[in-house]
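Biologist: I'd like to learn how to read a model like this one. Can we go through it feature by feature?

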Amino acid sequence: RLLRNAIYSSYGYKFKDKELKAFFSLTKEMQSVCRIGICGKTANVYSDNLLTEVDKRNLAKLTALEQK
């Protein structure tokens, strides 16, 4: 679950789930990942359009593994 959501966090996704929100607010390095050409900060507004094809494939694989 954390691995899958780390991908979303790296793009600035704001979690509603209390556990995820607490975890990712503590991991500041996730907020400074250079993914979308804006080094040192995340996008102001999360969008699935920010995800790369590799991210989408990894999310699908991780989701499938979680469901096993």
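Biologist: Which residues does Y8 touch, not counting residues up to four places away in sequence?

Modeller: Y8 touches Y13, F15, Y46, D48, L51 and L59. For a sense of distance along the chain, take Y8 and S47: they sit 39 residues apart in sequence, and their C-alpha atoms are separated by 9.4 Å.

Biologist: And what does F15 contact, leaving aside its neighbours within four places in sequence?

Modeller: F15 is in contact with N5, Y8, S9, L20, K21 and F24.

Biologist: Back to the helix. How many residues of α1 are buried?

Modeller: Six of its eight residues are buried, so to speak "mostly covered" by the cut-off of under 20% relative accessible area. They are R4, N5, A6, I7, Y8 and S9.

Biologist: Which residues make up the largest nonpolar core?

Modeller: That core has 11 residues in all: A6, I7, Y8, Y11, F15, L20, F24, Y46, L51, L59 and L62. Two or more residues each come from α1 (2-9), α2 (18-26) and α4 (53-66). The most come from α1, which gives three residues.

Biologist: Let's turn to α4. How do I check the geometry of a helix?

Modeller: Compare its expected span with the distance between its ends. With 14 residues at 1.5 Å a residue, α4 should span 20 Å, and its end C-alpha atoms are 20 Å apart, which agrees.

Biologist: Which residues of α4 are buried?

Modeller: D55, L59 and L62 are buried in α4. Viewed down the helix axis, the buried residues of α4 fall within an arc of 70°, so they line one face. Here is the general idea behind that: an α-helix has 3.6 residues a turn, so residues three or four places apart point the same way.

Biologist: What covers that buried side, and which exposed residues does the face turned away from it carry?

Modeller: The cover over the buried residues of α4 includes α1. On the face turned away, α4 carries the exposed residues E53, K61 and L65.

Biologist: Is A60 buried, exposed or partly exposed, and why?

Modeller: A60, which lies in α4, is partly exposed because its relative accessible area is 48%, between the cut-offs of 20% and 50%. The C-alpha atoms of A60 and R4 are separated by 9.0 Å, although these residues are 56 apart along the chain.

Biologist: How about the chain as a whole?

Modeller: The protein chain has four helices and zero strands, in the pattern α-α-α-α. Of its 68 residues, 31% count as buried. Among its contacts with a separation of 6 or more, 49% are between residues 24 or more positions apart. The accessible surface comes to about 5000 Å², and 56% of that belongs to carbon and sulfur atoms.

Biologist: Where in the chain is confidence lowest, and where is it highest?

Modeller: Confidence is lowest in helix α3 (residues 28-31), with a mean of 53, and highest in α4, at 94. Over residues 36-41 the pLDDT is below 50, and this stretch has seven contacts in the model beyond near neighbours in sequence. Where pLDDT is low, the predicted coordinates should not be read in detail. For the protein chain, the mean pLDDT is 79, and 72% of the residues reach 70 or more.

Note on methods: Residues are numbered from 1 along each chain as its sequence is written. This is a predicted model: local features need pLDDT of at least 70, side-chain atom pairs count only at pLDDT 80 or more; totals for chains, interfaces and linings use all residues. Side-chain values use heavy atoms; hydrogens and water are left out. A nonpolar core is a set of buried Ala, Val, Leu, Ile, Met, Phe, Trp, Tyr and Cys residues joined through side-chain atoms within 4.5 Å. Buried means under 20% relative accessible area, exposed over 50%, partly exposed in between (1.4 Å probe, protein chains only). Contact means heavy atoms within 4.5 Å. The expected span of a helix is 1.5 Å times one less than its number of residues. The arc is that of the directions from the helix axis to the C-beta atoms. pLDDT is the predictor's confidence in each residue, from 0 to 100. Accessible areas come from the Shrake-Rupley method with a 1.4 Å probe; for residues, only the protein chains shown count as cover.
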